[in-house]
Amino acid sequence: MPTKLVIFDLDDTLIDFATTRQTAYAQMGKLLEQEGIDAQAYLQACPPVDRALFALFEQGKLTRAEYRARRFREPFDTLGVVASDELVIRLNTLFMDVVNDTPLLYDDVLPVLAQLRERDVRTAILTNGPSDGQRRKLKATGLAELVDHVAIGEEQGFSKPLPQAFHSVVGRFGMDSGHALMVGDSPLLDYDAALNAGLQALLLDRGGCHGEGGRASIRSLEAVLPFGNDQ
């Protein structure tokens, strides 16, 4: 079935979130050291805490405020440190300013979006991140003006992997789900969920980490272009 719409995930698909997160962590580490706190131990505790809390946020079990209040407070618990509210707020603000206002686009993003537009293939972004932060990234990168539609889970009321998240985007274009291709870095949230919703899917595996999953994977967004040729 010809591809008429390509839907992209945002973080770690179009935006190199992993790199900006490490930049933010480095700056947070300096702040923690000034406070006499073991920065290395704290920052090592952050990712697993964040992943668990973010999953609850995606499922609608935590509000944005609850997620942010806990993601940088609970790592202190693993250190046996009682942190002040002021320090947690400063860490949150520092992190958000870095990842949201200085995001990095992968080199293949702009050329691929431009070529898809030249081929009259519609494009959209579907992301689960908190609305305010994602909107800041979109503004900083100009991505919102380069695609035909942006859908954010928090704004829609449902997030990936729910089929409604995908159907709501496809429905904006008045086409059958089978004509839409989802491209993202998450095997479960982007690839499997899109297939379950009746879309085509490609797993963006830039680092070659998911080779044995049996999923159709690509290493660069340039591999999406042939799907937009059969119009």
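Is Arg136 buried, partly exposed or exposed, and at what relative accessibility? Arg136 counts as partly exposed, at 26% relative accessibility, where buried means under 20% relative accessible area, exposed over 50%, and partly exposed in between (1.4 Å probe, protein chains only).

The model shown in these views is predicted, so that local features need pLDDT of at least 70 and side-chain atom pairs count only at pLDDT 80 or more, whereas totals for chains, interfaces and linings use all residues. Residues are numbered from 1 along each chain as its sequence is written, and side-chain values use heavy atoms, with hydrogens and water left out.

View 1. Arg136 and Asp97 meet through their side chains in a salt bridge, with 3.0 Å from N to O. This pair links distant parts of the chain, as Arg136 lies in helix H7 (residues 131-141) and Asp97 in helix H5 (residues 85-101), 39 residues apart. Helices (H or I, at least four residues) and strands (E, at least two) are DSSP runs, numbered from the N terminus. A salt bridge is defined as a side-chain nitrogen of Lys or Arg within 4 Å of a carboxyl oxygen of Asp or Glu. Asp101 also forms a salt bridge with Arg136, and here the closest N and O atoms are 2.7 Å apart. Again the pair links distant parts of the chain, with Asp101 in helix H5 and Arg136 in helix H7, 35 residues apart.

View 2. Side chains of opposite charge can pair when their charged atoms come close. Glu74 forms a salt bridge with Arg70, in which the closest N and O atoms are 2.5 Å apart. Glu74 is partly exposed, with a relative accessible area of 23%, and Arg70 is partly exposed as well, at 33%. A network of salt bridges links Arg64, Arg68, Asp132 and Glu154. The count of salt bridges under this rule comes to 16.

**View 3. The crossing of helices H3 and H5.** Two packed helices are described by the angle between their axes and the distance between the axes. The axes of helix H3 (residues 64-71) and helix H5 come within 9 Å and cross at roughly 110°. H3 is therefore roughly perpendicular to H5. Axes are lines fitted to C-alpha atoms, for helices over the stretch in contact, and angles run from 0 to 180 degrees between N-to-C directions. Angles under 35 degrees count as roughly parallel, over 145 as roughly antiparallel, 65 to 115 as roughly perpendicular and the rest as oblique. On the H3 side, Arg68, Ala69 and Arg71 meet Val88, Asn92, Phe95 and Met96 of H5, contact meaning heavy atoms within 4.5 Å. The residues of this contact comprise four nonpolar, one polar and two charged. In this division Ala, Val, Leu, Ile, Met, Phe, Trp, Tyr, Cys and Pro count as nonpolar, Asp, Glu, Lys and Arg as charged, and the others, Gly among them, as polar.

**View 4. Ser131 and its surroundings.** Ser131 is placed in helix H7. With a relative accessible area of 10%, Ser131 is buried. Residues up to four places away in sequence not being counted, Ser131 touches Arg64, Ile152, Glu154 and Glu155.

View 5. A cis peptide bond joins Lys160 and Pro161, with omega about 15°. Pro161 is found in the loop between helix H8 (153-156) and helix H9 (163-172). Asp12 has a phi near 65°, a positive value in a residue other than glycine; Asp12 is found in the loop between strand S1 (5-8) and helix H1 (17-34). Phi of Asp120 is likewise near 65° and positive, and Asp120 is placed in the loop between helix H6 (109-118) and strand S2 (122-127). Asp120 is exposed, with a relative accessible area of 63%.

View 6. A search of the whole structure finds zero disulfides, a disulfide being a pair of cysteine sulfur atoms within 2.5 Å. Cys46 counts as buried at 1% relative accessibility, whereas Cys209 counts as exposed at 62%.

**View 7. Thr93 and Ile125.** Thr93 is found in helix H5 and counts as partly exposed at 39% relative accessibility. The C-alpha atoms of Thr93 and Ile125 are separated by 25 Å, the two residues being 32 residues apart along the chain.
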